[in-house]
Amino acid sequence: MHLIETLFAVLGLLSFASWLFLINPADCGDGTKMCRHSSSVGVGTFYLSIYLIAFGYGGHQPTIATFGADQFDDSNPKAADSKAAFFCYFYFALNVGSLFSNTILVYYEDSGKWTLGFLVSLCCAIIALLLYLLGTSRYKYITCGNPLTRVAQVFVAAFRKWNVAPGTADALYEVEGPESAIKGSRKIPHSDDFKFLDKAATITQYDLCGRKDPWRLCTVTQVEEVKCALKMLPIWLCTIIYSVIFTQMASLFVEQGDVMTSKLGDFHFPAASMSALDICSVLICTGIYRQILVPLARRLSGRSKGLTELQRMGIGLVMGMMAMIAGGVTEIQRLKLVRPGEKKSRLSIFWQVPQYVLVGASEVFMYVGQLEFFNGQAPDGIKSFGSSLCMASISLGNYVNSLLVSMVMGTTARDDSPGWIPADLNQGHMDRFFFLIAALTALDFIIYVFCAKWY
């Protein structure tokens, strides 16, 4: 709740900064009327606002997914199925919001009405806060303390006992009774993975003589929490390359569309609005998946969920790779229809439809599968950590994409060569960059299959 309030306050600050400091004179920035230079106070307030939004969003997004999942009782088979549906509809709701921002807000952006766009976002945050408050009395709250402290304790305790041989499973430290020492978390049975971490739960003579220090002696459940997190990391690392594909929609796909014919009669179709096709694809594919594919897969496989989360993530990787191939083919055709001296190609922007639709369809499998997998596999005490991994992969995908672009341009833009992605795309070969990402995704998929089988 505090994070929603933070977003609410910061969006208000951002609207104020754009109205008072940045947009001067009014209605400037439309390509005709030029804006005056902004003051240092205005620029500082603006950057403070957007960084605080990123901070609030980073805490809000994974927490709300975990909080929603906590409302379902895993011991009830019907509730478990409803929980799987929740992640689908949670991602569905995210994309309904994205559809709004990629149509209405993009229109305000193209018109130079930045303050109005920020105020609309502020109104949406107010509505979200009110809707949240309406259900406050009915929510189920589960608190498990700070997982980062517990993870640190396991590593510190294991390091302190570096020369101690790990104890046998029945000799490791665990509190008595059905409940674990972690409030709100069930006990986790011992596993043989990462045996070196068992040192943290190994009881030494020092532990018997003095007070049980959590930085020297941890419970089996606490150690198993860390083991679960470590086992999920290889799967998570394999999802980062998919986030590079997802990043293209807000970067190179838009640049590609900007140099294509984008008029539909007298209406100019903004290149940035093409991402609405991705969102529509997500909305349609979510319905198809829940109503058609899940029942069909359930009959064929005999599993209640139909496809497992790992299988769905693998399908998402393959579909993402196909989207990159489609983007590369579109770029080849675009370059063929570029007339000398003209910036835009004669190729219609609607050639981009397949790549946007494929990315949208892949999201239903990859991101929904990720949310289910990391939340379902994470122990009670680190559920939010599992959901945070999904958001972290998207963020890292942006950084990896920037790194890839820099490496590609550093390698290909030499001597008189403009490189694959120059300022004038008609002089470059962006298709090769798309095919490079497709090849990296294919390699990542092979590694992912091995990691999934190991898991």
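A disulfide is defined here as a pair of cysteine sulfur atoms within 2.5 Å, and by this rule the count comes to zero disulfides. The sulfur of Cys451 lies 4.1 Å from the closest cysteine sulfur, that of Cys238, which is too far for a bond. The structure is a predicted model, in which local features need pLDDT of at least 70 and side-chain atom pairs count only at pLDDT 80 or more, whereas totals for chains, interfaces and linings use all residues. Residues are numbered from 1 along each chain as its sequence is written, and side-chain values use heavy atoms, with hydrogens and water left out.

Cys451 is buried, with a relative accessible area of 15%, where buried means under 20% relative accessible area, exposed means over 50% and partly exposed means in between (1.4 Å probe, protein chains only). Cys218 is likewise buried, at 0%.

Helices are DSSP runs (H or I, at least four residues), numbered from the N terminus. Helix H13 covers residues 430–454, has 25 residues and reaches 36 Å from its first C-alpha to its last, close to the 36 Å expected at 1.5 Å a residue; the expected span is 1.5 Å times one less than the number of residues.

**Salt bridges**

A salt bridge is a side-chain nitrogen of Lys or Arg within 4 Å of a carboxyl oxygen of Asp or Glu, and a search of the whole structure finds eight of them.

| Pair | N to O distance |
|---|---|
| Arg150 and Glu225 | 3.1 Å |
| Lys227 and Glu224 | 3.2 Å |
| Glu372 and Arg312 | 2.9 Å |

Glu372 lies in helix H11 and Arg312 in helix H10 (residues 309–336), so this pair ties together parts that are 60 residues apart in sequence. Glu372 is buried at 5% relative accessible area, and Arg312 is buried at 1%. Lys227 and Glu224, being three residues apart in helix H7, are separated by about one helical turn; Lys227 is buried, with a relative accessible area of 0%, and Glu224 is buried as well, at 3%.

**Aromatic pairs**

Rings of Phe, Tyr and Trp (its six-membered ring) pair if their centres lie within 6.5 Å, and planes under 30 degrees apart count as stacked, over 60 as edge-to-face and the rest as tilted. The whole structure holds nine aromatic pairs. One of them joins Tyr242 and Tyr367 edge-to-face, at 5.2 Å centre to centre with 80 degrees between the planes. This pair links distant parts of the chain, with Tyr242 in helix H7 (residues 220–247) and Tyr367 in helix H11 (residues 353–377), 125 residues apart. Phe246 and Tyr367 also form an edge-to-face pair, at 5.4 Å and 90 degrees. Through ring pairs, Tyr242, Phe246 and Tyr367 are linked into a cluster. Tyr367 counts as buried because its relative accessibility is 4%, whereas Phe246, at 23%, counts as partly exposed.

**A loop residue**

Most residues other than glycine have a negative phi. Phe194, although not a glycine, has a positive phi of about 45 degrees. Phe194 sits in the loop between helix H5 (147–160) and helix H6 (205–209), and is partly exposed, with a relative accessible area of 27%.

Terms used:
Helices (H or I, at least four residues) and strands (E, at least two) are DSSP runs, numbered from the N terminus.
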